[in-house]
Amino acid sequence: MNWKTEWKKLVIVIGIFIGSFYLPVGTPRFDKAITESLHLVKWYAREHVLLCLVPAFFIAGAIAVFVSQASVMKYLGAKANKILAYGVASVSGTLLAVCSCTVLPLFAGIYRMGAGLGPATTFLYSGPAINVLAIILTARILGFEIGVARAVGAVVFSIVIGLIMHFIYRKEGFERTAAQAAMPDPEVERPLWQSVLYFAAMIGVLVFANWGKPVQEAGLWYAIYTSKWIIAAVFGIALAVFLVLWFGLAWWKILLGAVTVAVLAVLYPDKPIASFTAAALAISVITSTAKGPTKDWFDASWGFAKQILPLLLFGVLIAGALLGSEPGAEGLIPNKWVQGAVGGNSFFANFFASFAGAFMYFATLTEVPIVQGLMASGMGKGPALALLLAGPALSLPSMLVVKSVIGTQKTIVYVSLVIVMSTISGMIFGVFWG
Amino acid sequence: MKKIQILGTGCPKCKKLMENAETAAKAMGIEYTIEKITGINDIMKFGVMMTPALAVDGEVKLVGKVSGPEEIKKLLA
């Protein structure tokens with residue numbers, strides 16, 4: 001055995017061995033934590049995967065394929081209107097940052113080849129928080145208010161941070177890369193109204209299929225709830241028609257799929273999930289066997305699913321084991337600790353959540369089950385928002401990349417601003433909704 | 001001799017593009033070298049913001065998406 005090359009593996013083997021040797025199986029806390037973790041996975045699988053994640057993947061895929069990213073980037077270019085650039089940078093994460101791994105190159109690009117430091121930091125802060133999958137999942141699992149607060153907070157504070165960065169370094173010139181920014185060719189152009197209707201149909205299906213049951217069994221919200229499947233079906237039919245008319249899918253295939261879905265809906269009227277699953281399967285089969293843009297759409301959606309589902313499963317397992325699955329239940333970490341660190345809405349709780357979030361690495365979307373577990377263990381709503389704002393925007397690995405682009409001093413200033421701003425927004429949110 | 005460069009920070013899409021590019025080059029039977037550019041500042045030197053991207057002989061041919069081997073063949077020709 002060659003010690004020089006093998007010692008790392010040996011250390012891992014010994015580590016796993018010691019861990020297994022002293023595995024606390026049988027102690028109540030450990031066994032409870034494992035059960036909690038499995039409960040949480042089951043709950044996600046039953047409540048969120050089919051109705052929420054599957055449509056969300058299709059929407060994210062559609063954004064990646066059908067939204068012309070070049071047309072957004074022209075507002076962030078070197079010659080762009082500076083004021084407009086902040087506005088565009090703060091919201092364009094929805095369209096550009098569909099995958100978290102694209103945020104950093106875009107940030108570097110906007111800084112070096114485009115509108116400069118201010119808009120680049122604005123984009124860097126808001127991008128991960130307002131990507132479409134993150135908004136949908138946050139609103140669905142952590143509650144509508146936090147979902148909206150996360151999106152609005154990210155947009156508003158990203159502009160503030162961008163402007164402060166620009167102000168601090170306004171006198172400093174920087175080496176603009178000489179290279180002309182290469183833009184992707186605009187994809188197949190279709191009239192804007194068609195794209196808008198197409199996205200509206202998909203979002204309609206997502207929103208109404210997930211319409212929650214209101215507390216009172218009366219009024220408009222309840223009326224919508226009782227007929228949510230009919231409304232979702234109308235949006236679904238609209239989507240099917242658009243796909244035939246504008247995307248050139250074979251009408252008989254779509255009809256075949258629609259008839260199957262309708263038959264299932266008639267046979268099992270009390271199990272709408274059966275028809276919904278059939279519809280998702282039909283659209284997958286039809287788009288994946290077609291040629292051209294609709295196949296790209298399916299490939300992009302499948303790409304997201306492949307990338308995100310394993311991370312999310314892992315995140316849910318870990319969050320469930322550490323923090324428990326519902327209020328009152330306890331995981332490996334005692335609820336008292338969580339309440340002590342981030343309970344209530346004190347300055348310390350918000351600051352601690354922001355600070356920890358800024359350095360911790362969250363794989364795509366795993367911030368949602370983690371914050372859910374923390375809230376179940378007693379985290380306040382304000383600190384939850386603070387963590388959601390600071391967490392995905394920054395991590396130790398991303399700081400290192402940011403540092404290589406803008407230098408150490410600016411990175412420190414940026415990180416401090418993120419922590420301060422996230423703390424403030426958490427406190428504001430906690431005061432009104434906590 | 002074609003010099004193929006794959007630009008990307010190492011996300012799954014970049015790996016996929018590299019595979020596709022190799023498949024394309026092998027199918028065409030051309031002589032080639034393939035190289036991965038992962039440093040973000042090196043990527044910027046190409047003027048690329050949307051990864052993954054593909055450059056042939058130093059010229060950026062594909063930005064911000066993963067193309068299949070068939071399409072990459074056209075870019076290598």
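A crossover is right-handed if, with the strands pointing away from the viewer, the path from the first strand over the helix to the second runs clockwise. In this predicted model, strand 1, helix 1 (residues 12-28) and strand 2 of chain B form such a right-handed β-α-β unit. Helices (H or I, at least four residues) and strands (E, at least two) are DSSP runs, numbered from the N terminus.

Residues are numbered from 1 along each chain as its sequence is written, while chains are lettered from A and ligands numbered from 1 in the order in which they are written. Local features need pLDDT of at least 70, side-chain atom pairs count only at pLDDT 80 or more, and totals for chains, interfaces and linings use all residues.

**Chain B strands**

Strands pair if DSSP finds at least two bridges between them. Strand 1 (residues 2-7) of chain B has these pairings:

**Chain A domains**

Domain bounds come from an automatic or database domain assignment. For chain A, this gives domain 1 (41-66 + 187-311) and domain 2 (69-172 + 179-185 + 334-433). Their C-alpha centres lie 29 Å apart.

What touches what? In chain A, 11 residues of domain 1 are in contact (C-beta atoms, placed from the backbone, within 7 Å) with 11 residues of domain 2. On the domain 1 side, helix 2 (28-66) and helix 15 (293-323) of chain A each supply at least two residues. Helix 2 of chain A gives the largest share, seven residues. By class, that side has nine nonpolar, two polar and no charged residues. Here Ala, Val, Leu, Ile, Met, Phe, Trp, Tyr, Cys and Pro count as nonpolar, Asp, Glu, Lys and Arg as charged, and the others, Gly among them, as polar.

Definitions and conventions:
Contact = placed C-beta atoms within 7 Å.
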